[in-house]
Amino acid sequence: MQSRPDTPRADTTGRAILLTLITVGVFGVQDAVSKMLVQDYSPFLITMLRYWGFALFALVLVARQAPLRQAFRSRMPGWQVMRGVLLIGDIWFFAIALKTVSLGELQAIVIVYPLLVTLFAIPVLGEKVGVFRFVAVGAGFLGAMVIMRPGGVPLDLGALCALASATLYAFYIVITRKVSQVDSAATSMTYVALVGLVLSSVVGVFFIEPMGWRDVALVAFITLTTCAGHGVMVFALSMAPASVLQPFNYFSLPWAIFLGVALFGQWIDPISMLGAGIIVAAGLVVMARERARKVVPPPVPQQAGHE
């Protein structure tokens, strides 16, 4: 018996996982390039240039599906604007943290965001969290404390910005769940692209300065790979559910550690690695419980620096 033409092939999920890993790899390289650039230029300038790539991709994608005027109509415009503010704030803090925190340690801190999502969903979405998930969340925060223990990652501006980045991104995801109940994905993408584009440009324009050809090439690389990375991610989500692909985003941690060592000679100590492992394990447990309870979040467009 022949399968219907629109029946997904058996290897679709495998290909989607591979594409997800490629996307994580691309975004990790972007973080490394951004880390190089923020040593010489303002994080706000690099954020502006980096966001232009995402906004270009998002608006072109939406325009292919519906007129932008139509996509701009929202039943929750206030919440949509807040999403845009939270996301650009998240990327600002991440860029500031890149200046002083190693790639491996930075990624080890920000991967706590899925656990924060679980907590923030309680007051914002009215979700009920059982004892099992609360224990997993507590274990994850214990892992974060292990990373920032005395003698570990210094609790300085960089580490605080990393925590702020994870917190804002978690709020962004929870609010995305909220608005997805009444607005289309095109509307959500339009708001986050336009709000972030305006805010990043309004601030970033004050930090514009001349760049050498090497740095211009690096910025062009970031812009092009941002569009390519998000395109690959969207293609992957079309072949497999976000709940299936989400755990593979944790590949960002070993990849960030490798890039940190290879490009900057920055190692992550074994105890911090243990803390990161606790966070990853707790996050996977929470995801498994949410999937079992069918509390599956809608696909959230990943941002450069958050895989």
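Which residues make the nonpolar surface patch of about 600 Å²? Hi everyone, let me start there. The patch is made by Val198, Val202, Val205, Phe206, Phe207 and Ile208. Please keep in mind that this is a predicted model. Val202 is partly exposed, with a relative accessible area of 48%.

Now to the charged pairs. The structure holds two salt bridges. In one of them, Arg50 pairs with Asp31, and their closest N and O atoms are 2.7 Å apart. Arg50 sits in helix α2 (residues 43-65) and Asp31 in helix α1 (residues 12-38), so this pair ties together parts that are 19 residues apart in sequence. Both Arg50 and Asp31 are buried.

The other salt bridge joins Asp215 and Arg214, again with the closest N and O atoms 2.7 Å apart. Are these two partners buried or exposed? Asp215 is buried, at a relative accessible area of 9%, whereas Arg214 is exposed, at 53%.

Last stop, helix α7. This helix runs over residues 131-147, so 17 residues in total, and reaches 25 Å from its first C-alpha to its last, close to the 24 Å expected at 1.5 Å a residue. Its buried residues are Arg133, Ala136, Val137, Gly140, Gly143, Ala144, Val146 and Ile147. As you look at that list, here is a handy reminder: an α-helix has 3.6 residues a turn, so residues three or four places apart point the same way.

Technical notes. Residues numbered from 1 in each chain as written. Predicted model: local features only at pLDDT ≥ 70, side-chain atom pairs only at ≥ 80, totals over all residues. Heavy atoms only, no water. Salt bridge = Lys/Arg side-chain N within 4 Å of Asp/Glu carboxyl O. Helix = DSSP H or I, 4+ residues; strand = E, 2+ residues; numbered from the N terminus. Buried < 20%, exposed > 50% of the residue type's maximum accessible area, 1.4 Å probe, protein only. Expected span 1.5 Å × (residues − 1). Patch = residues over 30% accessible without salt bridge, like charges linked within 9 Å, V, L, I, M, F, W, Y side chains within 5 Å. Areas by Shrake-Rupley, 256 points an atom, 1.4 Å probe, with all protein chains shown as cover.
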